[in-house]
Each structure stands twice: as C-alpha cells, then as structure tokens.
Amino acid sequence: MLNKVCRRCFCTVASRPWLIVGLGNPGDKYKGTRHNVGFEMIDAFAQLLQIPMDKLHSKAIFGEGFVGEASVLLAKPQTYMNLSGESAGPLAAYYKLPLNRVIVLHDDMDLPCGVLRLQPKGGHGSHNGLKSVIHHFRGNREFARLRIGIGRPPGQMDPKAFLLQKFNATAQKRIDTAIPEGAAALKSILFKGLTETARCFNQEQKYKHIRLQTMPT
C-alpha cells in the first residue's frame, strides 16, 4: 500500500522524480572493491541528502525523498553487477520515468582513478552492469551516467580480478576525494539540471585529470 501511495505522490508533482541507480555487488565480500564505487557514491549521496536507504524495492535497497521540489529515488540493485538491469528496468517502469530522468553511477576503467565524468547518454563500454541496464531498457541508451574512474589494471592483470580488488592506499585517497565531488554534482543536477551541471563539472574534472597526471598512482 505504501508503494502505491508513494508512486501516486511522486508522479503527480510538477516534475517527475530522478531515479539514481548505483551499480555494485551486494555483500560484505565486495565492500571497498573497485567494482562497488557506484554503491559508495549512492551511500554518500543519500547521506548528503539525509535520505534513508531502508526499503527493498524491485530487487534493490531503496530510498526516496524530496530536495526542495525535486523528488529523488535512490537504488542499489542487489542482483549482482551483471544483472543490474533486472532492478533498474522495473524501477523506471514502475515510476513511469522517461530515461532522461535516470542516472546510473558506475566504475569506469577508461578514466584515471578518482576522475569523474557526467554524460547524458552513451554505450556500455564493455561494462557488464551497463549492458544489463541497457538490455532491460529495451536497448535504449538515452540515460545519464556518472562515470567513476578507477584506472586500468597494471601489466597483464586480468581486468575481472582487478575489479574485485580493493584500492591501494594512494588510489583510495583519490576515491575518497572523488566520492563527495560526485555527490555534490548529483545534488547540483536537482537544482540546475543535467546539462548545466555537466558543463561545469566536467570542465573541473578535466583540470583535475591534468593535475593527477603528475602524481603517483
């Protein structure tokens, strides 16, 4: 009954809610691993907005709230990474959201560790979580992403093993800086919109990338 009430409430406000989905793997075994930075970002954002993540909805740990007049839905799929779309797809359908109101937060090996990017749309870049989300969005890629750089695996290391390892001390410091930056950018989207936020945020992250190039990894 509560979900029905919340669904009606969220869908009758002036603007549709934002659904923000962080990707990762459930369980203590995966906490702190590179593949779970999407979960970390959701947790930081929920704490920033004081939204409790205390519900279960569509195979996800879920939270909902308002920031001013902006309604926000937060989700951490508990399906394991490769099946993330089994949660994200039904959530977007349940709230009847167009995909331009969806943001997916995920790790990205194509960005240096600690560098972030906001994109209005894109492919999956061989990321299995994104592949699943796109599949359950019926092939539609018109949803935003906050890409969280984790860097490339060293030498000939298997990328799968790299993703499931924890950060070394230097990389962890970069992630600890990046997480609140990303949370602040997500909050900015609620007030300024995606386009304006991405323009300013991505420029700042480019300068950050240049600075990090001169530092050890």
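Leaving aside neighbours within four places in sequence, which residues is serine 132 in contact with? The partners are Asn82, Leu83, Ser84, Gly85 and Glu86. Contact here means heavy atoms within 4.5 Å. This is a predicted model, in which local features need pLDDT of at least 70 and side-chain atom pairs count only at pLDDT 80 or more, while totals for chains, interfaces and linings use all residues. Residues are numbered from 1 along each chain as its sequence is written, and side-chain values use heavy atoms, with hydrogens and water left out.

Start with serine 132 itself. Serine 132 sits in helix 4. Helices (H or I, at least four residues) and strands (E, at least two) are DSSP runs, numbered from the N terminus. Serine 132 is buried, at 8% relative accessibility. Buried means under 20% relative accessible area, exposed over 50%, and partly exposed in between, with a 1.4 Å probe and protein chains only. Serine 87 lies 45 residues from serine 132 along the chain, and their C-alpha atoms are separated by 9.7 Å.

Just after helix 3, lysine 96 takes a positive phi of about 55°.

Helix 4 also holds histidine 135. Histidine 135 is exposed, at 59% relative accessibility. Between histidine 135 and glutamine 165 there are 30 residues in sequence and 27 Å in space, C-alpha to C-alpha.

Next, the nonpolar interior. A nonpolar core is a set of buried Ala, Val, Leu, Ile, Met, Phe, Trp, Tyr and Cys residues joined through side-chain atoms within 4.5 Å. The largest one has 39 residues. Ile20, Phe45, Val72 and Leu186 have the most contacts inside it. Helix 6 gives this core its largest share, 9 residues. Apart from this core lies another, of 21 residues, including Leu19, Leu91, Ala92 and Val102. In soluble globular proteins, nonpolar side chains tend to be buried together.

Not counting residues up to four places away in sequence, isoleucine 20 touches Ile42, Phe45, Val72, Leu73, Leu74, Ala75, Ile103, Leu105 and Leu186.

Now the largest pocket. A 1 Å grid is laid over the protein atoms alone; a pocket is an open set of points where a 1.4 Å probe fits, with protein on both sides within 12 Å along at least five of seven lines. Lining residues have an atom within 4 Å of a point. Grid points are joined across faces, edges and corners, and the volume is the space filled by probe spheres set on the points. The largest pocket holds about 510 Å³. Its lining has 27 residues, with His35, Ser126, His127, Asn128 and Leu163 nearest the centre. Strand 5 (102–108), helix 4 (128–136), strand 7 (144–149) and helix 5 (159–163) each supply at least two lining residues. By class, the lining has 8 nonpolar, 12 polar and 7 charged residues. Here Ala, Val, Leu, Ile, Met, Phe, Trp, Tyr, Cys and Pro count as nonpolar, Asp, Glu, Lys and Arg as charged, and the others, Gly among them, as polar.

Histidine 35 lies in the loop between strand 1 (18–22) and helix 2 (37–49). Histidine 35 is buried, with a relative accessible area of 9%. Setting aside residues up to four places away in sequence, histidine 35 touches Leu23, Gly24, Asn25, Met81, Asp107, His127, Leu163 and Leu164.

Last come the charges. Side chains of opposite charge can pair when their charged atoms come close. A salt bridge is a side-chain nitrogen of Lys or Arg within 4 Å of a carboxyl oxygen of Asp or Glu. By this rule there are 9 salt bridges. Lysine 208 pairs with glutamate 181, the closest N and O atoms being 2.7 Å apart. This pair links distant parts of the chain, with lysine 208 in helix 7 (residues 194–212) and glutamate 181 in helix 6 (residues 169–192), 27 residues apart. Lysine 208 is buried at 7%, whereas glutamate 181 is partly exposed at 26%.

Asp54, Lys55 and Glu64 form a network of salt bridges. Aspartate 54 meets lysine 55 at 3.5 Å between the closest N and O atoms. Lysine 55 meets glutamate 64 at 3.8 Å, N to O. Aspartate 54 is exposed at 53%, lysine 55 is partly exposed at 24%, and glutamate 64 is buried at 11%.
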